[in-house]
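Here is a short note to read beside the model. Keep the sequence and the 3D view open as you go.

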Amino acid sequence: HVVRGATKVTVQLHDNDDDAKDYPAKIVGIDPRSELAVIKIDAGRKLPTLALGDSSKARIASWVMAVGSPFQLQQTVTVGVISARNRTISAESQYFQLGDLIQTDASINPGNSGGPLINLSGEVIGINVAIASPGATTVPVNIGIGFAIPSNVAKTVVPQLIQKGKVARGWLGVQLSRESAKSMSDNLRQHFGVPEGGALVTMVYEDAPAAKVLQGNDVVVAVNGQKVTNNAELQAAIQNTPPGTKVTMEIVRDRKHQQLTLELGEMPARYAGLDSGDEGGAAPQPTVGPPIQVRNITPQMAREQNLPRNQGVVIESVGEELRDRLEPGSVIAQVDGAKVMTVEQYNAAIRRALDAKRKFVVLTIEQAGDDGQVLRDVVEVPLAKEQ
């Protein structure tokens, strides 16, 4: 989240006391799902480094130091202990959470993100990422609960970001029940015949890797012999396995155990939290003219959002000045009577109107009605000057 959306990144170094230079940095890769990013600078000299320790050996109540620039106070060191491990917190995307985090009471505040969490041996066992600050009205502040990404996660993610600029994760293509998010109730374990719990599948996406193997109400209880008792354990087992790998899964279907084998696909960009990827432009695309953010529609998006068509352009967000005319989730079918099926066609139509010095465009908007009918409307939208 430190570099997300950045157009310019600079780094200040502290290995030389008289170094007042800002070094331009390149963003090598980002991985929103782990909240890690890699940036690169050329300092013209060999820089000192810290070793990555083994975060699996970190113990609750062991001493740690957090280093960062809280509230722009550079080179600040705070001391505390590891309060807990394997914590999960909500992420910005609706599709995932940040999990397996180290919790610490070493003071972490805005400006600490990206800084190291260091053990008594001087090893980095975590990368500071977030704080819990309930009730904060403006700037969140430390209340003794901070979180760090384990160094062992970085050991897996960072090499892939350096080599490929992204992390390729395994993908099943299923939805899981909230009832198995942490642990299934005694009644559900008895109902499905899974005494130790598992991950309850509620839906399998069409054309997904699991489409011909899994079905709704299956309970996954093991992957490659590794026990699965809840959703997080299944997600970790799949995401940490490279796409294209064949995995063996033990499931319980109709209270009977079965062994299944399937080949994992690659997690689509939207579920990985990436701003763009392999989904035909499903992420918000740059637009010109009116303050409207749009996406290319994918078939899966159409199903999930109940869109009136499975190909075209959907409105993702609308500027405040147009909220009385347009709303997110509407499909732009035409611009000035010309059909648009992609973001590129939408932009081209807007540019033609701008080049003609038009003051407005006419958008034909579609929405899905409650009775399955397509509702269509025509909206006049003023043109903003191109920036």
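The points below go from the whole chain to single residues.

1. **Ground rules.** This is a predicted model, in which local features need pLDDT of at least 70, side-chain atom pairs count only at pLDDT 80 or more, and totals for chains, interfaces and linings use all residues. Residues are numbered from 1 along each chain as its sequence is written, and side-chain values use heavy atoms, with hydrogens and water left out.

2. **Overall make-up.** The chain has 6 helices and 23 strands. Helices (H or I, at least four residues) and strands (E, at least two) are DSSP runs, numbered from the N terminus. Of the 387 residues, 42% are buried. Buried means under 20% relative accessible area, exposed means over 50%, and partly exposed lies in between (1.4 Å probe, protein chains only). Take the contacts with a separation of 6 or more: 55% of them join residues 24 or more positions apart. A contact means heavy atoms within 4.5 Å.

3. **The largest nonpolar core.** A nonpolar core is a set of buried Ala, Val, Leu, Ile, Met, Phe, Trp, Tyr and Cys residues joined through side-chain atoms within 4.5 Å. The largest one holds 22 residues. Ile 292, Leu 326, Ile 332, Val 335, Val 361 and Leu 363 touch the most other members. Elements giving two or more residues include strand 18 (292–296), strand 22 (360–368) and strand 23 (374–382). Helix 6 gives the most, with 6 residues. Apart from this core lies another, of 20 residues, among them Val 201, Val 228, Leu 234 and Ile 238.

4. **Leu 363 up close.** Set aside residues up to four places away in sequence. Leu 363 then touches Ile 292, Leu 326, Ile 332, Gln 334, Val 335, Asp 377, Val 378, Val 379 and Val 381.

5. **Helix 3.** Which residues of helix 3 (residues 231–239) are buried? They are Asn 231, Leu 234, Ala 237, Ile 238 and Gln 239. Their cover includes strand 10, strand 11 (174–176), strand 12, strand 13 and strand 15 (246–253). Asn 230 caps the N-terminal end of helix 3, with a side-chain oxygen 3.2 Å from the backbone nitrogen of Ala 232.

6. **Aromatic rings.** The whole structure has 1 aromatic pair. Trp 171 and Tyr 205 are stacked, at 6.4 Å centre to centre and 25 degrees between the planes. Rings of Phe, Tyr and Trp (its six-membered ring) pair if their centres lie within 6.5 Å; planes under 30 degrees apart count as stacked, over 60 as edge-to-face and the rest as tilted. Trp 171 lies in strand 10 (residues 170–171) and Tyr 205 in the loop between strand 12 (199–204) and strand 13 (219–223), so the pair ties together parts that are 34 residues apart in sequence. Both Trp 171 and Tyr 205 are buried.

7. **Two positive phi values.** Gln 72 has a phi near 65 degrees, positive in a residue other than glycine. Gln 72 sits in the loop between strand 4 (63–68) and strand 5 (76–90), and is exposed at 75% relative accessible area. Asp 336 has a phi near 55 degrees, again positive in a residue other than glycine. Its loop runs between strand 20 (331–335) and strand 21 (338–339). Asp 336 is partly exposed, at 33%.

8. **Val 153.** This residue lies in helix 1 (residues 151–164). Is Val 153 buried or partly exposed? At 24% relative accessibility, Val 153 counts as partly exposed. Beyond its neighbours within four places in sequence, Val 153 contacts Ser 34, Leu 36 and Asp 100.

Key:
Polar contact = N/O pair within 3.5 Å; in protein donor to acceptor, adjacent residues only side chain to side chain.
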